[in-house]
Amino acid sequence: MKNIIVAGLVAGFAMLVLAMAVGMLTHAALPSVAKEYENTNLFRSWSDPIMSLYFLYPFFLGIALAWVWDKTKDVLGGGSLWIRGSRVARSFWIVSTIPGILMSYSSFPGSLAMSLTWLLSSLVQLLCAGFIYARMIK
């Protein structure tokens, strides 16, 4: 259990850093998406204390996915660290992220560009987390 929590926290930190990095790149490349994030009719203001939960999310997800990895690592087969880690990342991305983004896009007035950046950012983060799990949880 200790391995799962440690790997989950490491993956959570990596996912947070990647989310911030991809966000900065997205804002530089797509100023219209950056403008959407500033719209307080769509998102809470950063001054709202509830926004601090944004920084906790990757750690909860990291620990939850570490637990999933621990339960499924034998089913996902052999191969290199990258191949094994990418299997769990792609599986979660397909099963959870794509439907979640589709629901978000269909239910609130964010742009398609914003939703697509979320899909890309999520995939990058999950691939990194999967590699960390494959490396840390044997």
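**Pocket lining and aromatic pairs in the predicted model**

In this predicted model, the lining of the largest pocket draws at least two residues from each of α1, α2 (31-38), α3 (53-72), α4 (81-107) and α5 (112-136). Helix α1 provides the largest share, with nine residues. The pocket holds about 1300 Å³ of space, and its lining comprises 37 residues, among which A19, Y37, Y54, W118 and Q125 lie nearest the centre. Classified by type, the lining consists of 22 nonpolar, 13 polar and two charged residues.

Helix α1 spans residues 2-29 and includes T26. T26 counts as buried because its relative accessibility, 11%, falls under the 20% limit. Apart from neighbours within four places in sequence, T26 is in contact with V33 and T117.

Six aromatic pairs are present in the structure. One of them, formed by F43 and F108, is edge-to-face, with 6.2 Å from centre to centre and 85 degrees between the planes. This pair links distant parts of the chain, since F43 lies in the loop between α2 and α3 and F108 in the loop between α4 and α5, 65 residues apart. F43 is partly exposed at 21% relative accessibility, and F108 is likewise partly exposed, with a relative accessible area of 25%. The rings of W46 and Y54 are also paired, and because their planes stand at 90 degrees, with centres 5.5 Å apart, the arrangement is edge-to-face. Within this pair, W46 counts as exposed at 55% relative accessibility, whereas Y54, at 37%, counts as partly exposed. Finally, F43 and F108 belong with Y37 and W118 to one aromatic cluster.

How values were computed: Residues numbered from 1 in each chain as written. Predicted model: local features only at pLDDT ≥ 70, side-chain atom pairs only at ≥ 80, totals over all residues. Heavy atoms only, no water. Helix = DSSP H or I, 4+ residues; strand = E, 2+ residues; numbered from the N terminus. Buried < 20%, exposed > 50% of the residue type's maximum accessible area, 1.4 Å probe, protein only. Contact = heavy atoms within 4.5 Å. 1 Å grid on protein atoms, 1.4 Å probe; cavity = no way out; pocket = protein on both sides within 12 Å on 5 of 7 lines; lining within 4 Å. Points joined across faces, edges and corners; volume = space filled by probe spheres on them. Nonpolar A, V, L, I, M, F, W, Y, C, P; charged D, E, K, R; others polar. Phe/Tyr/Trp six-rings, centres within 6.5 Å; stacked < 30°, edge-to-face > 60°.
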